[in-house]
Amino acid sequence: MQNMLTIISNALCRITGRNVGAQTVSELLVDLSEYVSLTSPAAPALAQTERQPPKPPPVSTRAPAAELVSSQTDQLDRPGSRVVVSRSFADFTPQATFDIKKCDVHRLEEAPPVKATLTREQGLQYYRVMQTVRRMELKADQLYKQKIIRGFCHLYDGQEACAAGIEAGINPSDHLITAYRAHGYTYTRGVAVKEILAELTGRRGGVVKGKGGSMHMYAPHFYGGNGIVGAQVPLGAGIALACQYQGNNQVCVTLYGDGAANQGQLFEAFNMAALWKLPCIFICENNKYGMGTSVERASASTDYYKRGDFIPGLRVDGMDVLCVREATQFAADHCRSGKGPIVMELQTYRYHGHSMSDPGVSYRTREEIQEVRSKSDPISLLKDRMLSNNMAAVEEFKEIDVAIRKEVEEAAQFATSDPEPPLEELCNHIFHNNPPLEVRGTHPWASLKSVS
């Protein structure tokens with residue numbers, strides 16, 4: 001044993017350029033912990049405290065792996081330097097294929113694949129999107145409880161895989177319309193966090209100048225945010241009709257919840273879309289509860305993907321971003337090929353209540369919510385997949401989390417300090433590209449003007 005200690009001590013002395021004379025195992029461990037920092041997968045505890053990998057830049061600007069390795073090992077040339085065994089981007093798996101849950105199908109001869117390929121860049125991007133939506137919604141919850149956000153406010157945390165997966169499965173030029181739980185889709189359609197939070201607080205810098213609030217946000221190719229239950233579904237069919245009329249090979253994703261699934265206007269829209277073979281993807285986000293009523297108590301049939309009857313349908317795991325992405329791509333290809341509409345049911349779950357006025361625990365237990373969080377959380381599922389397949393490091397996710405929290409905090413500062421819109425802007429933008437017009441107020445002597 002003493003000979004072994006001497007050999008290791010001498011080797012450590014040669015590596016570090018420092019005098020090392022350990023006489024016992026414990027002394028040797030102290031010397032090793034002082035002079036040698038190992039940051040490798042085999043030592044996860046040390047990796048968490050020592051390794052700080054560089055934040056991955058865009059693919060187009062990424063430095064070659066050789067440069068990254070050399071920049072981390074240059075310091076070893078100096079006597080007494082600490083030995084740093086670090087990982088470069090070349091050490092990570094650039095791409096992996098995962099088994100995903102099989103979709104249930106209705107009136108379809110083919111189905112989405114049961115394997116999904118994910119690149120490292122895609123995985124990190126999906127993580128950023130979902131984590132940003134999660135943090136944004138938690139900040140909205142905080143601002144609402146502080147009475148800075150008022151009125152209706154329906155949060156999306158828990159359902160992030162739906163928004164991220166759908167956006168990954170369609171093109172930016174495709175169209176999307178949803179119900180009042182719209183914050184996540186507003187973000188995935190390209191609106192900044194600060195504009196969303198400023199809209200929630202009714203400020204001038206909001207995405208619609210502080211006049212829309214939680215349920216009425218819009219962006220290019222994004223049509224809201226609609227407050228009337230189910231009313232967006234016929235509108236989505238109309239957008240799909242416009243796509244067909246213009247022949248632009250675009251599709252419209254039309255979203256609604258399980259609570260709206262029994263609305264008569266849905267079936268009217270289904271009928272017209274099927275007759276005219278409109279390129280419309282009807283998506284039911286089934287989060288198990290319509291307001292405070294479970295789907296089993298509200299619907300005689302909970303197979304929402306079959307509700308189109310004569311329209312093909314899919315039932316998808318809405319808590320897995322890869323399942324949602326593959327199913328959305330399949331549905332979009334179906335519509336673009338001229339086969340007409342398709343119905344998708346995304347089985348998902350919301351962590352908050354129906355709205356901020358609903359505590360969310362009077363019709364379900366806290367244990368139920370915690371079980372979903374622990375077993376099916378969409379962000380944790382993606383993160384665990386990437387870590388277990390060596391596609392990213394724990395510290396990378398931590399860095400992303402820190403950056404997102406900073407972005408959300410800065411957005412909240414903007415949303416609480418930006419001025420409210422002045423009264424003279426109240427009636428602006430009633431019409432698009434129209435000459436100014438007088439608008440009657442609530443009484444005859446209230447004269448307002450609308451400017452496009």
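Me: How do the axes of helix 6 and helix 12 cross, and within what distance do they come?
Reply: The axes of helix 6 (residues 160-169) and helix 12 (residues 321-336) come within 7 Å and cross at roughly 40°, where axes are lines fitted to C-alpha atoms, for helices over the stretch in contact, and angles run from 0 to 180 degrees between N-to-C directions. This is a predicted model, in which local features need pLDDT of at least 70 and side-chain atom pairs count only at pLDDT 80 or more, while totals for chains, interfaces and linings use all residues. Residues are numbered from 1 along each chain as its sequence is written, and side-chain values use heavy atoms, with hydrogens and water left out.

Me: Are helix 6 and helix 12 parallel or oblique?
Reply: Helix 6 and helix 12 are oblique to each other, a class that holds whatever is not under 35 degrees (roughly parallel), over 145 (roughly antiparallel) or 65 to 115 (roughly perpendicular).

Me: OK, salt bridges now. How many are there?
Reply: The count comes to 15 salt bridges, each being a side-chain nitrogen of Lys or Arg within 4 Å of a carboxyl oxygen of Asp or Glu.

Me: What does Arg 315 pair with?
Reply: The side chain of Arg 315 meets that of Asp 104 in a salt bridge, at 3.0 Å from N to O. Arg 315 lies in strand 11 (residues 313-317) and Asp 104 in strand 4 (residues 104-106), so this pair ties together parts that are 211 residues apart in sequence; helices (H or I, at least four residues) and strands (E, at least two) are DSSP runs, numbered from the N terminus.

Me: Is Arg 315 buried or exposed?
Reply: Arg 315 counts as buried, at 18% relative accessibility, whereas Asp 104 counts as partly exposed at 35%. Buried means under 20% relative accessible area, exposed over 50%, and partly exposed in between (1.4 Å probe, protein chains only).

Me: And which residue does Glu 396 meet?
Reply: Glu 396 meets Arg 120 through their side chains in a salt bridge of 2.6 Å, N to O. This pair links distant parts of the chain, with Glu 396 in helix 15 (residues 394-417) and Arg 120 in helix 5 (residues 120-145), 276 residues apart. Glu 396 is buried, with a relative accessible area of 2%, and Arg 120 is buried, with a relative accessible area of 2%.

Me: What about Asp 141, which partner does it have?
Reply: Asp 141 forms a salt bridge with Lys 145, the closest N and O atoms being 3.2 Å apart. Being four residues apart in helix 5, Asp 141 and Lys 145 are separated by about one helical turn.
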